[in-house]
Amino acid sequence: DFLDTVVSALKEYLLKNEFEMVSRYVRFLSDLINVKLVSSASVLSLYETFLQTTNETNVPQVRSDFFVSCILSSLPYS
């Protein structure tokens, strides 16, 4: 239930364009690997989803840069 709530909140913040909160939630999910609440494979899947935005056409560079920086800032936590 806890993880469902966290993922729902992450999706909600993405829809609201609240990118600072998105970044915090991704770091939090990355940190949950350390307590074995989240598998590293699932976080890697999230990272891959975020990286797919870099291959999209007709999107602002800022959007792609945000998702890459979000991943890079969360890596040390995992």
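Here is a quick tour of this protein chain, from its overall fold down to a few single residues. You're looking at a predicted model, where local features need pLDDT of at least 70 and side-chain atom pairs count only at pLDDT 80 or more, while totals for chains, interfaces and linings use all residues. Residues are numbered from 1 along each chain as its sequence is written, and side-chain values use heavy atoms, with hydrogens and water left out. The chain has four helices and zero strands, where helices (H or I, at least four residues) and strands (E, at least two) are DSSP runs numbered from the N terminus.

**Overall shape**

- Going along the sequence, you get the pattern α-α-α-α. The radius of gyration is 12 Å, close to the 12 Å that the globule rule gives for 78 residues, so the chain is as compact as a globular protein of that length. That radius is taken over C-alpha atoms, and the rule is 2.2 Å times the number of residues to the power 0.38.
- The C-alpha trace spans about 40 × 25 × 15 Å along its principal axes.
- Of the 78 residues, 29% are buried (buried means under 20% relative accessible area, exposed over 50%, partly exposed in between, with a 1.4 Å probe and protein chains only).
- Among contacts (heavy atoms within 4.5 Å) with a separation of 6 or more, 48% are between residues 24 or more positions apart.
- The accessible surface comes to about 5300 Å², and 56% of that belongs to carbon and sulfur atoms. Areas come from the Shrake-Rupley method with a 1.4 Å probe; for residues, only the protein chains shown count as cover.

**Aromatic rings**

- There are five aromatic pairs. Rings of Phe, Tyr and Trp (its six-membered ring) pair if their centres lie within 6.5 Å; planes under 30 degrees apart count as stacked, over 60 as edge-to-face and the rest as tilted.
- One of them is Phe 2 with Phe 28, an edge-to-face pair at 6.1 Å centre to centre and 80° between the planes. Phe 2 sits in helix H1 (residues 2-16) and Phe 28 in helix H2, so this pair ties together parts that are 26 residues apart in sequence.
- Phe 66 and Phe 67 make another edge-to-face pair, at 5.2 Å centre to centre with 65° between the planes. Both Phe 66 and Phe 67 are buried.
- Phe 66 and Phe 67 also belong to one aromatic cluster with Phe 19 and Phe 50.

**A nonpolar patch on the surface**

- Phe 2, Phe 28, Val 35 and Leu 37 form this patch, with about 380 Å² of accessible area together. Patches take residues with over 30% relative accessible area and no salt bridge, joining like charges within 9 Å and nonpolar side chains (Val, Leu, Ile, Met, Phe, Trp, Tyr) within 5 Å. A salt bridge is a side-chain nitrogen of Lys or Arg within 4 Å of a carboxyl oxygen of Asp or Glu.
- Phe 2 is partly exposed at 46% relative accessible area, and Phe 28 is partly exposed at 35%.
- Val 35 is exposed at 59%, and lies in the loop between helix H2 (19-31) and helix H3 (40-51).

**Two serines to look up**

- Ser 64 lies in helix H4 (residues 61-74) and is buried, at 6% relative accessibility. Not counting residues up to four places away in sequence, Ser 64 touches Thr 53, Thr 54 and Val 59.
- Ser 78 lies in the segment after H4 and is partly exposed, at 37%.
- Ser 78 and Asp 31 are 47 residues apart in sequence and 5.2 Å apart in space, C-alpha to C-alpha.
- Again leaving out residues up to four places away in sequence, Ser 78 touches Ser 30, Ile 33, Asn 34 and Tyr 47.
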